[in-house]
Amino acid sequence: HARLKPQAHAFAYPTYFLMLPMRHLQAHGGGALALNRRAALSFHDADHGDGRSAAEGGSLAWLLELLAREGIDDADGEVWLHCYPRVLGYAFKPVSFWYCHDASDHLRAIVVEVNNTFGERHCYLLDKPQWGIEQTADKVFHVSPFCSVEGQYRFRFMRTSDRTVARIDHDDALGALIQTSVSGHLVALTTRSQWQALLRYPLMTVMVVVRIHWQAFKLWRKKVTFFSKPTPPQDFVTR
């Protein structure tokens, strides 16, 4: 994460995340991963979308309904969800990425699901994206009190067989303001790999929130302009 103005401010943290084939999980269960139940590391459908339970179709049903409302009815291949897990029962997910494929396994849409620390959620829908090709959307949702709700986001995603990169940059009227990315090497999700992650980062999701507030304090110390939280956008999805 790097802020370019009015004060330079940058940081990077090690972390880990899940990359989940949602249709496969719905059909066959989670295997080594705890789904919708208590565990040291787990995934819960209620942490996404409109919070519906697995009995109500879960977050995948929510996503498919969202796509249908937006006129996307051919994302009928696998849906990969890139997100943080719950760790020791706690989750905060600043951003999650839904990679939606068609029946030929081509990328058809990406839904960028954003949460802020005020309990609000908004989605940016990228129609017909391509790996490595930049797409843009107007910024309409409040995330940081040190950025006004204006300008646009630039999205770019890259993936190989064993690595993934998601990049989101924020431009204001004068150009580049914030540059962010999350990347990682993909490894098989097993009981062993889960315990390795837990032992290395035992309070990972709690530390996400702690670090957000720590970096906010440092920006305040640098006298970066503070913006009060505006009313959330009326539309839940921005294309």
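## Helix H2

The buried residues of helix H2 are Gly 58, Ser 59, Leu 60, Ala 61, Trp 62, Leu 63, Leu 66 and Leu 67. The model described here is a predicted one. H2 covers residues 58–69, which makes 12 residues. From first C-alpha to last, the helix reaches 17 Å, close to the 16 Å expected at 1.5 Å a residue. Just after H2, Gly 71 takes a positive phi of about 80 degrees.

## The second largest pocket

Several residues of H2 also take part in a pocket lining. The second largest pocket holds about 150 Å³ of space. Its lining consists of Met 22, Leu 25, Gln 26, Leu 35, Asn 36, Phe 43, Asp 45, Ala 54, Gly 57, Gly 58, Ser 59 and Leu 60. Two helices, H1 (22–28) and H2, each supply at least two residues of this lining. Gly 58, Ser 59 and Leu 60, which are among the lining residues, are also among the buried residues of H2.

## Aromatic pairs

A pair of aromatic rings is described by the distance of the centres and the angle of the planes. Searching the whole structure gives 14 aromatic pairs. One of them is formed by Tyr 124 and Phe 155, with 6.1 Å centre to centre and 45 degrees between the planes, and is tilted. Tyr 124 belongs to strand E10 (residues 121–127) and Phe 155 to strand E12 (residues 152–159), so this pair ties together parts that are 31 residues apart in sequence. Both Tyr 124 and Phe 155 are buried.

The pair of Trp 214 and Phe 217 is stacked, because the ring centres are 5.7 Å apart and the planes lie at 25 degrees, under the 30 degrees that set the limit for stacking. Both residues lie in helix H4 (residues 204–221), 3 residues apart, so about one helical turn separates them. Trp 214 has a relative accessibility of 46% and counts as partly exposed. Phe 217 is partly exposed too, its relative accessible area being 35%. Elsewhere, ring pairs link Phe 97, Tyr 99, Trp 131 and Phe 157 into a cluster.

## Arginines over rings

Two arginines lie over aromatic faces. Arg 159 is placed over the face of Trp 80, at 5.0 Å from the ring centre. Arg 211 is placed over the face of Tyr 13, with 4.2 Å to the ring centre.

## Ile 212 in helix H4

Helix H4 also contains Ile 212. With 33% relative accessibility, Ile 212 is partly exposed. Once neighbours within four places in sequence are left aside, Ile 212 is in contact with Phe 92, Pro 94 and Thr 117. Arg 200 is 12 residues from Ile 212 along the chain, and the C-alpha atoms of the two are separated by 20 Å.

## The cavity

The search of the whole structure finds 1 cavity of 30 Å³ or more. The largest cavity has a volume of about 30 Å³. Its lining is made up of Ile 110, Leu 126, Pro 129, Gln 130, Ile 133, Gln 135, Phe 155 and Phe 157.

Two of these lining residues come up among the aromatic rings described above. Phe 155, in the cavity lining, is the partner of Tyr 124 in the tilted pair.

Note on methods
Residues numbered from 1 in each chain as written. Predicted model: local features only at pLDDT ≥ 70, side-chain atom pairs only at ≥ 80, totals over all residues. Heavy atoms only, no water. Helix = DSSP H or I, 4+ residues; strand = E, 2+ residues; numbered from the N terminus. Expected span 1.5 Å × (residues − 1). Buried < 20%, exposed > 50% of the residue type's maximum accessible area, 1.4 Å probe, protein only. Phe/Tyr/Trp six-rings, centres within 6.5 Å; stacked < 30°, edge-to-face > 60°. Lys NZ or Arg CZ within 6 Å of the ring centre and 35° of its normal. Contact = heavy atoms within 4.5 Å. 1 Å grid on protein atoms, 1.4 Å probe; cavity = no way out; pocket = protein on both sides within 12 Å on 5 of 7 lines; lining within 4 Å. Points joined across faces, edges and corners; volume = space filled by probe spheres on them.
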